[in-house]
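Work through the exercises below with the sequence and the 3D structure at hand. Try each task before reading its solution.

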Amino acid sequence: MKKISWITHYQYDIPLPKNHRFTSSKFSDLYEELKLKDFYKNAVVLKPKKASVEDLEIVHDREYILKIKNGKLSEKEMRQIGFKWSEILSNRSFLAVNGTLLTCKQAIKKQIACHLAGGTHHAHKNFGSGYCVFNDLSYASKTLIKNNLVKKILIIDLDVHQGDGTAKILQYDKDIFTCSVHCKNNFPFRKTKSDLDIELDDNVNDNEYIEILNKTLNECLKIFNPELVIYDAGVDVHKNDKLGNLQLTSNGILKRDKKVISFFKNKSIPIATVIGGGYSDNKAELAKRHCIVFQAAYEVFN
Ligand SMILES: [Zn+2]
């Protein structure tokens with residue numbers, strides 16, 4: 001039985017006022033929930049180190065990075081992100097991007113690895129948006145390619161929201177293919193252009209979704225030949241999600257995640273997973289939903 005690397009950090013949580021739509025403790029809640037699973041014994045837990053300002057310049061403007069580091073964003077810029085600035089928010093933002101990078105490196109070594117955070121796909125080059133400060137997906141991909149760890153990367157983003165920041169940042173990167181399957185009527189209302197966008201109407205259910213997913217995965221590999229896949233397994237496609245307009249059940253999400261992971265495993269392409277979005281007033285319920293991709297990884301690889 002092969003152990004699966006899980007990447008997390010005890011400083012991932014974000015301090016937020018009560019009743020904020022984003023769950024402040026979502027990252028530690030997820031880890032605590034995962035510890036209760038029987039597949040926890042099959043995990044190796046690793047911790048990232050902070051990225052430097054210079055590291056992040058591979059995708060973000062230095063001025064923006066420094067504003068995040070030093071708390072110099074305007075009210076308007078912070079409102080667009082949706083969080084208030086704090087030392088803790090700044091610190092976790094520099095950590096989480098390297099969490100995704102470390103997850104990718106582990107996946108390259110071991111075929112699969114899972115990040116207990118990541119998927120901050122609304123962050124752009126010089127501004128943050130929609131609870132996303134830095135764009136971990138584009139940062140990790142560009143860093144891996146620059147360091148010659150892989151030559152071609154597919155980012156498959158199944159969060160209910162379009163990966164607009166990722167698509168825009170990577171629009172001229174021919175070695176990174178961006179695919180986003182998202183709900184047309186969800187944020188962002190002005191979409192950017194991924195290499196492949198699949199727009200879904202409201203209320204798509206499990207069966208309809210899996211059928212579209214099958215076609216999409218095959219389509220990606222028809223066009224592109226990746227050496228690594230980064231998978232954003234956002235659970236805001238869930239029928240009870242507070243923001244998403246789709247109708248997937250937890251069982252449907254498990255099928256989705258197993259489909260994606262087994263599809264690339266069967267082709268011997270390493271896959272790194274990130275948790276993406278998920279919104280609920282019920283913290284326990286949300287943690288359970290984010291556990292699904294870890295369960296899927298375990299079931300496919302064991
Ligand atoms: Zn989302």
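**Exercise 1.** How much space lies in the largest pocket?

*Solution.* Start with the source: this is a predicted model, where local features need pLDDT of at least 70, side-chain atom pairs count only at pLDDT 80 or more, and totals for chains, interfaces and linings use all residues. Residues are numbered from 1 along each chain as its sequence is written, and side-chain values use heavy atoms, leaving out hydrogens and water. The largest pocket holds about 530 Å³ of space. A pocket is an open set of points on a 1 Å grid where a 1.4 Å probe fits, with protein on both sides within 12 Å along at least five of seven lines.

**Exercise 2.** Describe the lining of the largest pocket.

*Solution.* Count first: 39 residues line the pocket (an atom within 4 Å of a point). His122, Gly130, Tyr131, Cys132 and Tyr279 lie nearest its centre. Next, take the elements that give two or more residues: helices H1 (26-35), H4 (75-81) and H5 (87-110). Helices here are DSSP runs (H or I, at least four residues). H5 gives the most, with six residues. Last, sort the lining by type: 18 nonpolar, 14 polar and seven charged. Gly counts as polar in this sorting.

**Exercise 3.** How many disulfides does the structure hold?

*Solution.* Apply the cut-off: a disulfide is a pair of cysteine sulfur atoms within 2.5 Å. The structure holds zero. Check Cys114: the nearest cysteine sulfur, that of Cys291, is 11 Å away. Now check Cys220: the sulfur of Cys179 is the nearest, 3.7 Å away. Cys220 is also buried, at 1% relative accessibility.

Methods. Points joined across faces, edges and corners; volume = space filled by probe spheres on them. Buried < 20%, exposed > 50% of the residue type's maximum accessible area, 1.4 Å probe, protein only.
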